[in-house]
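Visitor: Please take me through one part of this structure in detail. I would like a close look at the place where the two chains meet.

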Number of protein chains: 2
Amino acid sequence: MKRMLTALSSMALVVPLVAADPPVPYPEGYRDWHHVKSMVIEEGHPLFEAFGGIHHLYANPQAVAGYAAGKFPDGAVIVFDLLEAVSADNAVTEGARKVVGVMHKDAKQYAATGGWGFEGFGGGDRTNRVVGDNAAGACFACHAPQKDHDYVFSRLRD
Amino acid sequence: MKRMLTALSSMALVVPLVAADPPVPYPEGYRDWHHVKSMVIEEGHPLFEAFGGIHHLYANPQAVAGYAAGKFPDGAVIVFDLLEAVSADNAVTEGARKVVGVMHKDAKQYAATGGWGFEGFGGGDRTNRVVGDNAAGACFACHAPQKDHDYVFSRLRD
């Protein structure tokens with residue numbers, strides 16, 4: 001028994017060291033970053049299940065520079081802020097936050113996913129990580145075809 | 001005839017001095033200000049003719065402080081940035097800019113309209129002023145009932 005406990009505690013120490021990528025930091029202060037653009041995804045859209053609602057994209061200063069260059073430097077962070085879209089009385093207004101999606105550029109740390117770390121914070125709760133180790137399948141697979149724009153779908157507008 | 005011309009040129013000199021309010025400045029750099037909130041106004045909405053499309057509200061630092069206080073200091077500027085809303089394939093995306101609406105707080109200069117100067121820049125063109133001297137009827141009449149929140153409709157959200 002003692003040997004098993006020792007083995008378990010060794011594993012507990014070792015497992016984090018061999019885990020894939022370092023966690024993507026919560027994007028502190030992103031609501032004061034540059035608002036890039038917005039979009040409403042409605043029922044019937046192929047991405048409705050995952051991203052239905054109204055979303056806003058925000059970019060920190062490094063990411064703003066990256067949009068212009070078409071290539072994003074380490075430290076660039078883009079936030080996909082998804083809120084419920086409430087349709088009533090011929091208007092669409094913003095409802096509760098559904099998820100704070102994050103792309104965080106670090107070419108070395110996230111080399112396996114195009115140099116970007118991906119995470120989603122469910123309901124905007126910084127402790128509720130909804131992507132975790134599934135970034136390759138859950139996020140990067142869809143972003144991969146955007147390789148010519150450094151895996152970023154959005155473009156900066158005036 | 002000479003007397004008439006002299007009279008006209010005197011008027012030309014005098015009229016600007018007695019004109020109502022000083023022009024509201026174009027809000028330089030507002031796309032980097034704090035994004036307050038957004039909304040889509042669709043056909044059938046009572047404000048569709050004037051404000052149909054997707055709009056984003058931006059606040060400069062003085063205005064952000066004003067939202068929190070419920071009272072806005074001189075120098076506070078709020079921008080209502082209205083873009084066309086393009087509905088297609090179960091999504092609403094942003095189209096061309098329709099107008100950059102501005103509320104600019106200066107309690108003395110704009111005393112007649114609640115301390116706010118109102119202007120609209122058609123198509124975002126800083127030379128195309130679509131409100132001008134009509135702020136009282138075109139803007140303030142609708143804002144007046146918001147007196148308890150310093151004539152501002154929008155509220156700051158997380």
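Guide: Start with one pair. A:Arg157 forms a salt bridge with B:Glu94, and their closest N and O atoms are 2.6 Å apart. A salt bridge here is a side-chain nitrogen of Lys or Arg within 4 Å of a carboxyl oxygen of Asp or Glu. The rule finds two salt bridges across the interface of chain A and chain B.

A word on the source. This is a predicted model, where local features need pLDDT of at least 70 and side-chain atom pairs count only at pLDDT 80 or more, while totals for chains, interfaces and linings use all residues. Residues are numbered from 1 along each chain as written, chains are lettered from A and ligands numbered from 1 in written order, and side-chain values use heavy atoms, without hydrogens and water.

Now the whole interface. 27 residues of chain A are in contact with 27 residues of chain B. Contact means heavy atoms within 4.5 Å. The two chains bury about 2300 Å² between them, 44% of it on carbon and sulfur atoms. That is the accessible area (1.4 Å probe) lost on putting the two parts together, summed over both.

Last, the symmetry. A rotation of 180° with 0.0 Å of shift along its axis superposes chain A on chain B, with RMSD 0.0 Å. In chain A, the C-alpha nearest the axis belongs to A:His35, 3.2 Å from it. The same surface serves both copies: 100% of the contact residues of chain A recur in chain B.

Terms used:
Least-squares fit on C-alpha atoms with pLDDT ≥ 70 in both.
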